[in-house]
Every structure is written in structure tokens, then in C-alpha cells.
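Take a walk through this structure, chain by chain. Keep the 3D view open and follow along.

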Amino acid sequence: MLSAFLQFLISGVTVGAIYALCGLGFSIIYNASHVINFAQGEFIMIGAMTAVSLVEAGVPMPLAILLAILVTMAVGVLLEKLAVEPARKASVTTLIIITIGASIFLRGLAQEVWDKNFHKMDPFSGDTPINLFGAVLMPQTLWVLGTALLVILLLAWFFNRTLEGKAMLATSFNPLAAQLMGINTKRVLMLSFGLSAALGAVGGIVITPITFTAYDNGIMLGLKGFSAAVLGGLGNGFGAVAGGLIVGIAEAMAAGYLSSAYKDAVAFVIILLVLVFLPNGLFGRKGTERV
Amino acid sequence: MTLLRVEHLNKEFGGVHAVSDLAFTINPGTIHSIIGPNGAGKTTLFNLITGVYTPSSGSILFNDVPTAGKAPYQLAEDGMSRTFQNLQIFFNMPAIENVMVGRHLHLDRRFLPSLLRLPGIAKGDAQAREKSTELMRFVGLEAYLKADADAMPYGALKRLEIARALAAEPKLLLLDEPAAGLNATESREIDEVIVKVAKSGVTVVLVEHDMKMVMGISDHILVLDYGKKLAEGTPDQVRNNPDVIKAYLGGGAA
Amino acid sequence: MSGLSRWAGLGALAIFLAALPQALPNNYYVDVAVLACFNAIICVGLNLLIGYAGQISLGHAGFFGLGAYASAVLVNSYGWPPLLALLAGAAIVGLMAFAIARPVLKLKGHYLAMATLGIGIIISIVINTEAGITGGPDGIAAGPFSIGSFKLAGERDWYWLMAGLLLATVWLATNLVDSPVGRALRALHGSEVGAEVVGVDTARYKVMVFVVSAVIASVAGSLFAHYTPQLTPTKADFFKSIELVTMVVFGGMASTFGAIVGAAFLTMLPQVLTVFEDYEPVILGGIMMGTMIFMPKGLVPTIAALFNRRRP
């Protein structure tokens, strides 16, 4: 009884950590540009697929991971340069369609570069399960949680302690003022896409030994990451992490106790309820529209 | 009899009092100006009166009926219409259709007749187009009768908003800085339009920085400062009010 | 659009639709034309919502799917006459759209996109999962469309039905756009508060156009259930929704004839470029990005603007 609950909790927190990283990616880009990047999930897929194929080609795993992150970052920056920046002044609807188009484009490209099959990567440190009060904890789960925690701490340090991070924060509060203060807002935009892509890649790579990856994995993960970001209050870093964990745990519980077929619906039911009843998310600021 | 009565009106934005304990009345058939330095709460006051914002406390009575809980479109049905400091033009439509939207309340807008384009709809539209053309000429936009709204200069768009508001045939017309961004000649033309509107029986409330306009055409002036009433009265009374002179010192008022 | 050019447009479309079958060598091409008509009808409705009223929906395939499955299930499992099933599907979808529209359409921009997307995905998950009713991923067959003893058979019969319906939909849609209702819709797209202060109940109009576009999708879905030999859940999934939105934006937002061109083009594309079958998502995504970056108004309005500029 308790062990089953614990098992669901573990799997919920694990996948929730990936949603959290993805939600953070949404928030970083949203803060820098007020763009919602619906292609965020593709970063997860590209990171994972690249790492898998590099490992399969014989590249040592740490190097493969590093290269995969760099490749994904390059994709992110290219996406910003080629698709988002030319339409910076466009309406929200236009930008939504552009980033959804990018998502489908990247997915289609992945299908060509790789294939339609599932891919698997070996766990980072073996697969001897750890027994935890009757529940099974895979070592890779610890890798996921540890990596997510490390990344979140690094991000906190980056935004609060470094000049570059502070410039990005300043741009999110007031782009015009930031520009007048000599901050290169174009660079900030580019950086935000690079950073978000890296977050997606890291998440995708560490989770692949548990969940497998395929060319069409990104969309669902991305949409759930977006749910996490909105649940926590769009643009709120802490909120994105909390939102990711909530969505992940709710999903795992629903799969465990209700029906695994409706697992994917959980995130969307949550997001609809939040949007209708709590439009600013759990931790978002309340805004008044100026006319 | 008063057309608009404001009592103990307050509006707070996260601890900032944009409007505090404001009370005034507006009589029908007058031109009523609201002036004050930037940030005095003039536009907030407009948004409160027209139902765009909800007051934190206090009441607004339009035709002796409280406006509380009414949406802007319901207040429009009651006879209020307005323009905006930050233009709210329908840039996706031709200029003339912007004005025709102002006729909305006077047209048959049932779904099925519109879907089938019954003769009444076509006839109503033709009349609305005629009336809107008239209004565009009235505000001096005859050159833009065939223009798209997104191809018009700022000054013309200001007038387009006035024409749209007039198309609704309001009892109370609220104009938020109608002369902003206009040159002196254009401002005098707007003066004339406003005076003509008032003569036709419409009560006009004006937020404006152009003191020449305000002093020239107003029957009554309300001076706001930090969301509070600083003074009110006729242009002469306001001009000579020591508090107003102090607040505007160096501002070039009067 | 003035009255005259509206009739000219409708007339041109009628002549085109009447002449088209002569130019189609065999039933394979007629089939593509029928599919294009289905998509065009949905897109004309969706364009009222996205193009004219400015409210995005990333879940419209859900309504198409609900209509289709309502027909398939009611006819196949309960023996209802197809026309009655179609009307029941439209009523169910209309009521559902009405119920969710008010809270959902309060949302703007990204939030609205996310909410409609969520609704679409939930519908598609339910259709996939409730295999006992819907047949699950294998799908379900609704059988031929018949009214009384009259049975619709063959691609050409279907073509005339769908071409006629498309023409009727276009007539109704252009009527609506050019009425006080349509002006209110376009106005709330331009500025909600600007529309409100001259008396437009923006919330009501948004609900109305959402319901209208959902019901149109549902009716098209119901007919499609009878047209297709086997109805599968892919017709109701996220990609179908995206495909529909792409058709609308590629042809041109706020252009009824643009929606038809977009639907026709994107229906034909995979058929014509069979070599590129694998590249379909790349091409679809590329078209979405390219259209928005290089001609954000879409194909038909962009070409129309070019012509107008050339004329003095």
C-alpha cells in the first residue's frame, strides 16, 4: 500500500523534474521576449536523440552528452535567429504559429535524420535497484533528481550573481529601459534560447535511460512543461519547478490509481482548471491591463 | 438634475492610490474638463466611469443609476461613449467601418438575420454607412473615407475615435486627450467639433493638457492632483485658484 | 467586402466548383477534391474564429472528431438515421462549445492557445481510449450516408454534395462577416475595449463565433464519418488541429476565400508530392513558419494587396 504510493511518488517526481526543467525553459524565453516557445519540447528530443546516436557511434558518454547539449543549443539559437527574430514585432497569434511550425519542422527533421524507432541509452551508473521502504529506486532516478537540482541551483546563481543573468532579468522587467542602460536585448534574446535549449537537452538526456526517446517525444513533454510553467505562473522560475513537480506527481498518481490510458490527459485537465480558475497560476503576479 | 454623480470614489493599484475620495457632479449639456499633472489619475477616472476598471470603493451614478457591476458595453447601452489616450482603433478594418462599429447599438444585430443577410440587415448597413460618412466629414476626415485605418496618421486616428464614439449617439461623451499630438490648427478644429457636439445636446467630459482648449471651451473644470480633487469651478475660478497656480507653477498654465 | 464583389466571388467559386469535375481524369482526383471541400468548409468556419475574431483555437480537430464519432457511433451502434445522427452530433458539440467557451475565451494569446489545445488533446485521448464505444485506434465505420431510400454513393455524388455545402458555407460566412455581427467580431479582434465602449458585448460575440465554428467542424465531421471507409482517431488529434490552423493562416487570415485556397493547397500538397511523403511534417512546419515570417497576412490577402497597389 505504502510502497505502491511511494513507487508512484518516485516516478512522479522523476518525470516532474523533467517537466520542471522544461517549464524553466519556457519561463526564461518568456521573460526575455514574451514569446512562448512551443518548440521547447523538441529541445528535449534533440538533446536525447543526439546523445543516443553519439553514444551508439562510439563516442564516450560524457563527451556525447556535452556535444548533444551544444548541438541542441545551436538549434535553439538558430531557431531564434531565423524564425523568431524576423517576427519579433508580430502578434501573439503569429508567434504561436511560428513556434508550433518550428516544432513540427524539427520533429519532421528528426524523423529524417534519425528514424521513427524508439531509442535507448544505458543508465549512467548501472541498473541495480535500490530498495526504499518496499519501493524500487533506480540509480538513474538519482541522476535525474541530482542533475535537476544542480541545474536549478546553477540557474539561480546565474540570474542573481552574474552580470549576464542580471541583464536578462532586467530585460524581462523593462526591455526599453534595459536597452537604454546599454544591455544588448538582442543578445539577451539569443542567450535565452540557447539557455532554454540547454535545459531541454539536459532534461532529455538524463531521463532517456528511464523512458526511452523517439522523434515524436518532444511535443507531449513540451506541452506538459508548458502546463508546469503556467501552473506555477508564467515567467516565475520557482513556480515552474513547483508546477513541474505537481504535474509529474499528479500524472503518476492518476496512472497508478485511476487509469494509465488517461495519464496524458491529467496535465491538460490541470492546466484547464488553472487557466479558468487561477489565470495567474499558483505563484504569478496579478496584472492589470492598461488602456 | 445631474447626469453623472461621483461619490467617495477610490481606486488603488497595489497600495498606490490612483484616485482617492473623489466626488463631483456633471450637469447635462455642459463641457466639463478634467485637468491635472501627469499621473494625477485622469485616465484612471475615465476607466472607472466607463466600467473598464472597477472602483476599490465609492460609487458612480449615471442618470441617477449606480454603474457598479456594469460592463463597459452595458454603460454604452445606457448612453456613455468614449475615446482613449492610447488609441483603441480597429486597425484590421477600414476607417469607415471603424465608425460603423459605433452604430452597433442602433442596428439589427440578431444572429440569424445577419447570417442570411435578410433585407433589413442590408438596409441597416447602408444607412449606417451613410451616417458614418456624415460623421467622418463632421470631424474633418473626408479625405479618409476610403482609407484603411492602419494607413492613417495619428491625428486622423484621434478624430476617427471621436467619430466612432459619436456614432453611438451617446448622452455622455468622454474624450481622453483629443488634442494630444495635434498641431495648433488641428487643435482648433477639434475645439470646433467639441463645441458643436455639446451644442447638439451631448454632455462632454474632457481630459486635456492643451490649456488653450480647456480654458476656451469648458463650462466647468475639475483639477486633480495625486488622485485628489485640487479645485473645481468655472475656467476663471480655476485660473485664479492659488492651489492650482501652485501645482502648475512653471507649467505654463493659463 | 462590398455587396458586388461578394457576389462576384461567390459566382466565381460556383463556376469553378461546377467545372472542376470535368477536369478531373479519374476518381482518385475527385476524392482529393472532396477532401479539399471537407477541409475548406472547416477552415471557412475556423477562419471566422481565428481570422476575423482573432481568437486562436488549436483544438478544432476535436470538434471535427466529436461530430464524426457522434455520427459513426449513433449510426453504427444504435442504428440512427445518418441525418438525425448528424444533427445530434451538431447539438452535442454546440452545447459543449457553448459551455466551455465563456471561461476559455476570457483567456488571451498563449493562454487561449494552451486551453484550446488542451481541450483538443483531451477529446482525442478520450476517443483513443474508450475503445468499447469508438473502436479505439482501429477506428469505426459509419456506413454510407443515406436519407430515406436515397443513398449517397461514389466520389462524384459526394463531390456535388460537398461542393454545394462549401458554397452554402461561404455564402453564410460572407453574410455574417459583412453584418453588424461580423463587424463586432472584427472590432473585438482590433481592440476589445474599443469595441466594448461602443456597446459590443465582446464576451457574447466570442462565445457565438466559437460555437458557430465548432458546429461547422462537427457537421463536416459527421459527413466525413460516412465518406471515409474507416474513421480513425488521427482525424481528431493535435496534428489535424494544427493542419487546420495552417490552412487558415497560409491562405490568409480574415479572408474567406483565403481559407478555401489554403485548405485546397494543403490537401493537395501531400497527394502531388507523394515522393515527399516522409517530409510532410517538415514541409508543413516550414510553410507555417515561412508564411508567418514572409507574408503574415497569408497568400490571398497578400496577392490582393499587390494587385491593388498596381492599380492607380
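The radius of gyration used here is taken over C-alpha atoms, and the globule rule is 2.2 Å times the number of residues to the power 0.38. Keep in mind that this is a predicted model.

Start with chain B. Does its radius of gyration agree or disagree with that of a compact globule? For 254 residues, a compact globule would have a radius of gyration near 18 Å; chain B has 19 Å, which agrees. Along the principal axes, the C-alpha atoms of chain B fill a box of roughly 60 × 40 × 35 Å. Its secondary structure comes to 10 helices and 10 strands. Of its 254 residues, 48% count as buried. Now consider contacts in chain B between residues at least 6 apart in sequence: 66% of them join residues at least 24 apart.

Next, find the sheet in chain B. Four strands form an open sheet, in the order β2-β1-β4-β5. The pairing is antiparallel. Which strands sit at the edges? They are β2 (16-26) and β5 (65-66) of chain B, and each pairs on one side only. Strand β1 of chain B (residues 4-13) pairs with strand β4 of chain B (residues 57-62) over five bridges, in the antiparallel sense. One residue pair to pick out is Asn10(B) with its bridge partner in β4(B), Ser57(B). Helix α1 of chain B (residues 42-49) packs on this sheet. It touches β1, β2 and β4 of chain B, and its direction makes about 65° with that of β2(B).

Move on to chain C. This chain has 14 helices and two strands. Its radius of gyration is 19 Å, close to the 20 Å that the globule rule gives for 312 residues, so chain C is as compact as a globular protein of that length. The C-alpha trace of chain C spans about 55 × 45 × 40 Å along its principal axes. Of the 312 residues, 58% count as buried. Among contacts in chain C between residues at least 6 apart in sequence, 77% join residues at least 24 apart.

One helix of chain C deserves a look. Helix α10 of chain C (residues 202-227) has 26 residues. From its first C-alpha to its last it reaches 37 Å, close to the 38 Å expected at 1.5 Å a residue. Is α10(C) enclosed or exposed? Of its 26 residues, 23 are buried, so α10(C) is largely enclosed by the rest of the structure.

Now turn to where chain A meets chain C. Here 35 residues of chain A are in contact with 31 residues of chain C. On the chain A side, the elements that give two or more residues are α4 (92-113), α9 (218-232) and α11 (263-277) of chain A. Which of them gives the most? It is α4(A), with 16 residues. By type, the residues on this side of chain A divide into 27 nonpolar, five polar and three charged.

Finish inside chain A, at Val202(A). This residue lies in helix α8 of chain A (residues 185-211). The cut-off for a buried residue is 20 or more other C-beta atoms within 10 Å of its own. Val202(A) has 24, so it is buried. What does Val202(A) touch, not counting residues up to four places away in sequence? Its contacts are Leu21(A), Gly47(A), Ile69(A), Thr147(A) and Val151(A). Take Ile69(A) from that list. Val202(A) and Ile69(A) are 133 residues apart along the chain, yet their C-alpha atoms are separated by 6.7 Å.

Conventions: Residues numbered from 1 in each chain as written. Chains lettered and ligands numbered in written order. Predicted model: local features only at pLDDT ≥ 70, side-chain atom pairs only at ≥ 80, totals over all residues. Pairing = 2+ DSSP bridges. Contact = placed C-beta atoms within 7 Å. Axes fitted to C-alpha atoms, helices over the stretch in contact; angles between N-to-C directions. Buried ≥ 20, exposed ≤ 12 C-beta atoms within 10 Å, placed from the backbone. Nonpolar A, V, L, I, M, F, W, Y, C, P; charged D, E, K, R; others polar. Expected span 1.5 Å × (residues − 1).
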